[in-house]
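Please look over the model below before reading on.

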Amino acid sequence: PLVVFAQNKFEPEILAFEAKDAVKAPPANPIVFTGSSSIRLWESLANDFPDKPVMNRGFGGSGLADARYFADRIIIKYKPRQVVLYSGENDVAAGKSAQYVYDQFVDLFQYVRQQLPGVSFVYIAMKPSPSRRKYWPVVVEANAMIRQFLKKQRRTGYVDVYTPMLYPNGQA
């Protein structure tokens, strides 16, 4: 496994998830959505997936190493039927390479599959954030690497949100 240096700055958010679980038991075999603020801020998640046992375990500002560091507490313990991940954009914005994002994704994926061999795993592609335009080439490269990796795995999905978010002229 990769050496992971996650920041403890996310501990309060993880503790808040655990406190919420103590008050109301999480659903059995949920669909766990996790990753950065694009997930955390998805306030309509339950309404968008009616009759599905969805859980939002996104924590804003996080990167893939953070998701891996907290995987036991935000994914594994729930024994989900499916994991839906949006992460990597903050890594790219911090100057990390497409290879770094890919390597961190593969490490997280393999860890989750080691713990939960049959779990379905879906990756939501990094989006073309207008404020992060200078990083788009790295985002495109990392998305492509992750997509190719997932094509070779069973029970996986890749949701391309990047392409539909662009106008024909290439602007977001």
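Here are some numbered points on the cavity, a helix pair and selected residues.

1. Ground rules. This is a predicted model, in which local features need pLDDT of at least 70 and side-chain atom pairs count only at pLDDT 80 or more, while totals for chains, interfaces and linings use all residues. Residues are numbered from 1 along each chain as its sequence is written, and side-chain values use heavy atoms, with hydrogens and water left out.

2. Rolling a probe the size of a water molecule over the atoms shows where empty space is left. Searching the whole structure gives one cavity of 30 Å³ or more. The volume of the largest cavity is about 40 Å³. A cavity here is a set of points, on a 1 Å grid over the protein atoms alone, where a 1.4 Å probe fits but cannot get out. Points are joined across faces, edges and corners, and the volume is the space filled by probe spheres set on the points.

3. Its lining. Lining residues have an atom within 4 Å of a point. For the largest cavity they are Glu-89, Val-92, Ala-93, Lys-127, Pro-128, Ser-129, Arg-132, Tyr-135, Trp-136 and Val-139. By class, that makes six nonpolar, one polar and three charged residues. Ala, Val, Leu, Ile, Met, Phe, Trp, Tyr, Cys and Pro count as nonpolar; Asp, Glu, Lys and Arg count as charged; the others, Gly among them, count as polar.

4. Helices at the cavity. Which helix gives the most to the lining of the largest cavity? Helix 6 does, with three residues. Helix 6 (89-93) and helix 8 (136-151) each supply at least two lining residues. Helices are DSSP runs (H or I, at least four residues), as are strands (E, at least two), and both are numbered from the N terminus.

5. Asn-90. This residue is also in helix 6. Is Asn-90 buried or exposed? Asn-90 is buried, because its relative accessible area is 17% and buried means under 20% (exposed is over 50%, partly exposed in between; 1.4 Å probe, protein chains only). Contact means heavy atoms within 4.5 Å. Gly-61 is 29 residues from Asn-90 along the chain, yet their C-alpha atoms are separated by 6.5 Å.

6. Helix 7 on helix 8. Two packed helices are described by the angle between their axes and the distance between the axes. Helix 7 (residues 98-115) packs with helix 8 at an angle of about 35°, the axes being 8 Å apart. Axes are lines fitted to C-alpha atoms, for helices over the stretch in contact, and angles run from 0 to 180 degrees between N-to-C directions.

7. Helix 7 contributes Ala-98, Gln-99, Val-101, Tyr-102, Phe-105, Val-106 and Phe-109. Helix 8 contributes Val-138, Glu-141, Ala-142, Met-145, Ile-146, Phe-149 and Leu-150. By class there are 12 nonpolar, one polar and one charged residues.

8. Leu-64. Leu-64 sits in helix 4 (residues 64-69). Leu-64 counts as buried because its relative accessible area is 0%. Beyond four places in sequence, its contacts are Leu-85, Ser-87, Gly-88, Asp-91, Val-101, Gln-104, Phe-105 and Leu-108. Two of them, Val-101 and Phe-105, also belong to the contact of helix 7 with helix 8. The C-alpha atoms of Leu-64 and Phe-105 are separated by 6.3 Å, at 41 residues apart along the chain.

9. Asn-143. Helix 8 holds this residue. Asn-143 is buried, because its relative accessibility is 4%. Neighbours within four places aside, Asn-143 is in contact with Tyr-123, Ala-125, Met-126, Tyr-158 and Tyr-162.

10. Most residues other than glycine have a negative phi. Asn-29 has phi near 45°, and so does Lys-79. Asn-29 lies in the loop between helix 1 and strand 1 and is partly exposed at 41%. Lys-79 lies in the loop between helix 5 (71-74) and strand 3 (82-86) and is exposed at 54%.

Technical notes: On a 1 Å grid over the protein atoms alone, a cavity is a set of points where a 1.4 Å probe fits but cannot get out, and a pocket is an open set with protein on both sides within 12 Å along at least five of seven lines; lining residues have an atom within 4 Å of a point.
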